[in-house]
Amino acid sequence: MNADLPTILAFLEGVHPYDNLPRNELERVASSFRRREIAEGTVIYAQGDPLEGLYLIKRGTVEVTDQNGALVSILGPRNSFGERGLMRDGLAATTAKASAETVLLVLPVEDFRRLSQDAPPFARFFNRTRGGETRTNSIATMKIADLLARKPLSCPPETTVAEAARMMRDQHVSSLGVTGPEGALQGILTVRDLSNKVLAEGRAPDIPVSDVMTLDPVTLTPEGLGSDLLHIMLERRVGHLPITDHGRFVGMITQTDLTRFQAVSSAVLIRDVAAATTVAEMAAVTAQIPQLLVQLVGGHHAHEVVTRLITDIADAVTRRLLAMAEAELGAPPVPYLWMACGSQGRQDQTGVSDQDNCLILDDAVTEDGMAYFQNLAKIVSDGLDACGYVYCPGDMMATNPRWCQPVRVWRSYFDGWISKANPEAQMLASVMFDLRAIGGNGASLFADLQAETLERASKNSIFVAHMIANSLKHTPPLGLLRGFATIRSGEHRNHIDMKHNGVVPVTDLARIYALQARLTAVNTRTRLVEAEAAGVLSHSGARDLIEAYDLIASMRLENQAHLARSGRKPDNYLAPSDLSDFERSHLRDAFVVVRTMQSAIGHGKGAVS
């Protein structure tokens, strides 16, 4: 190393992240590097080989290919490679070959790991995750499980109201869960129930609580967010919300429990939407979403929390419009469900969203009933447009008679899409696999249809193959020469489309994994987590893809927040020139992971390792 040390040291002084190391550390690192000369055409390592260290190109060119032989990158001087395998299990995740005579500097594994632990600039550069940022602590972003302050207090349905009242007095609570066998929640009993249904009615104190309890109350699960809690309480005007785990009562949260927390902006917007009496009032509320986006991103909240909170506002607007439509048109003639697809269906709306929706109707609907729902769809869709959720350019809306149909027609739609292998069928199936119920009174209309469709689709290998092919149409914007493939002309020249070439490729992959495992979840990140649990995606593959998705989605939101702060309308176009070298390197690495996963699923290797 001796003779080469001055040359290596001078080279490292101009390479990030070594240029940020203290001088004594830089000299130590320089003395650790080993110099290797590689002939053209030599394989430096193959996928699965133990890595001797981190590789840094001093001179020459290296081609990196994935497990299927697809070209991922062409690297040149000052580029590093091999870090992905080193940060996992020490085995190469790709194959690297010198495409010209090349000089490499190799940092041994033990030095790489020491620097990753002891040198923050080095660790930040090679760690793709975005942890370590301080996030504001608010109820909206806390898990409901963390808000449960005490063990659940409950009584069986045969308990007398007098006994229940004494229990509430002794425990200093205002409500009880009413539970049956194995703790299954049957209802709740509140102080208001005792006041209004027992004392005010002069009923005897020995009647069972089952006579006066609130039956089948709305519930949440421990894995929900505090925002869910706030939104339901404000929108439905309830003060007690039972928490259940697979139907078993696990706790109660009340408005009193929340007094120690400060209400967050999203909850205030939900409250204002629920109280709005006109579309104009709702539009004034949704106009504040860009500012909410700025606040949430500025608070370093995880991207999936930000998009969930923003989507919750769209859900509340939709439900308020449905209520206004029913008030104008009268009660619906048959049960129905208003369904959202697209970003609202996946609960990943950002500061810019159009509307994608449809109506699923009970099979008993008549011709007059169809006319009712067409009118309802127009009122809601027009209202959404006025509130900033613009009409879908592809007319994927309930106002289109094609997407306002009874269950039997929807079943025929899905049957047809699964059996036909044409582009339109694949596109429509992709959209409709992201359906989520928003409002209506026909909760059971979709559940059976979804289960049947997932089963049939997952068993049809031809359909799955075409869905995979369709999912690969959106590719990450990777240029081979360590850069990005930016838009070449027009208004967004030299920009990256962070929607269609950023998050959409991951969304498409997650949808395929969900189909293969018959998962009912529609949120992209949740699908990836559940796909790993179902064995469709390996642990290492899931970890890499989730980390890549987190970074891409976060940078998309940060760019939108930057535009909003600048007084511009948020969009999905990011200029790589606005990023630091550090950010560009990490974003490109994330795109490489996505492309690798696309290559794997395209070659029939869904559970990649």
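**Cavities and pockets**

Modeller: Helix 17 provides five residues to the lining of the second largest cavity, the largest share. Please keep in mind that this is a predicted model.

Biologist: Which helices each supply at least two residues of that cavity's lining?

Modeller: They are helix 17 (444-459) and helix 19 (499-517). The lining has 17 residues, and those nearest the centre of the cavity are Met-432, Phe-433, Phe-446, Gln-450 and Leu-454.

Biologist: What is the volume of the second largest cavity, and how do its lining residues divide?

Modeller: Its volume is about 140 Å³. The lining comprises 12 nonpolar, three polar and two charged residues.

Biologist: How many cavities of 30 Å³ or more does a search of the whole structure find?

Modeller: The search finds four.

Biologist: Turning to pockets, how much space lies in the largest one?

Modeller: The largest pocket holds about 1900 Å³. Of its 45 lining residues, Leu-220, Asp-228, Arg-308, Gln-347 and Arg-436 lie nearest the centre.

Biologist: Which element gives the most to that lining?

Modeller: Helix 12 does, with six residues. Among the other elements that each supply at least two are helix 8 (226-236), strand 18 (436-440) and helix 20 (524-534). The lining of the largest pocket is made up of 16 nonpolar, 14 polar and 15 charged residues.

Biologist: Where is Gln-347 found, and is it buried or exposed?

Modeller: Gln-347 sits in the loop between helix 13 (342-346) and strand 16 (357-361). It counts as buried because its relative accessible area is 16%, and the cut-off for buried is under 20%.

Biologist: What does Gln-347 touch, leaving aside residues up to four places away in sequence?

Modeller: It touches Thr-307, Arg-308, Thr-311, Asp-312, Arg-436 and Asn-523. Arg-308 and Arg-436 are also among the residues nearest the centre of the largest pocket.

Biologist: And the second largest pocket: how much space lies there?

Modeller: About 1300 Å³. It is lined by 47 residues, and Ser-343, Asp-354, Asp-356, Lys-499 and His-500 are the closest to its centre. Helix 19 contributes the largest share of this lining, seven residues.

Biologist: A change of topic: how many helices and strands are in the chain?

Modeller: The chain contains 22 helices and 22 strands. Its radius of gyration is 28 Å, close to the 25 Å given by the globule rule for 609 residues, so the chain is as compact as a globular protein of that length.

Biologist: What share of the residues counts as buried?

Modeller: Of the 609 residues, 53% count as buried.

Note on methods
Residues are numbered from 1 along each chain as its sequence is written. This is a predicted model: local features need pLDDT of at least 70, side-chain atom pairs count only at pLDDT 80 or more; totals for chains, interfaces and linings use all residues. Side-chain values use heavy atoms; hydrogens and water are left out. On a 1 Å grid over the protein atoms alone, a cavity is a set of points where a 1.4 Å probe fits but cannot get out, and a pocket is an open set with protein on both sides within 12 Å along at least five of seven lines; lining residues have an atom within 4 Å of a point. Grid points are joined across faces, edges and corners, and a volume is the space filled by probe spheres set on the points. Helices (H or I, at least four residues) and strands (E, at least two) are DSSP runs, numbered from the N terminus. Ala, Val, Leu, Ile, Met, Phe, Trp, Tyr, Cys and Pro count as nonpolar, Asp, Glu, Lys and Arg as charged, and the others, Gly among them, as polar. Buried means under 20% relative accessible area, exposed over 50%, partly exposed in between (1.4 Å probe, protein chains only). Contact means heavy atoms within 4.5 Å. The radius of gyration is taken over C-alpha atoms; the globule rule is 2.2 Å times the number of residues to the power 0.38.
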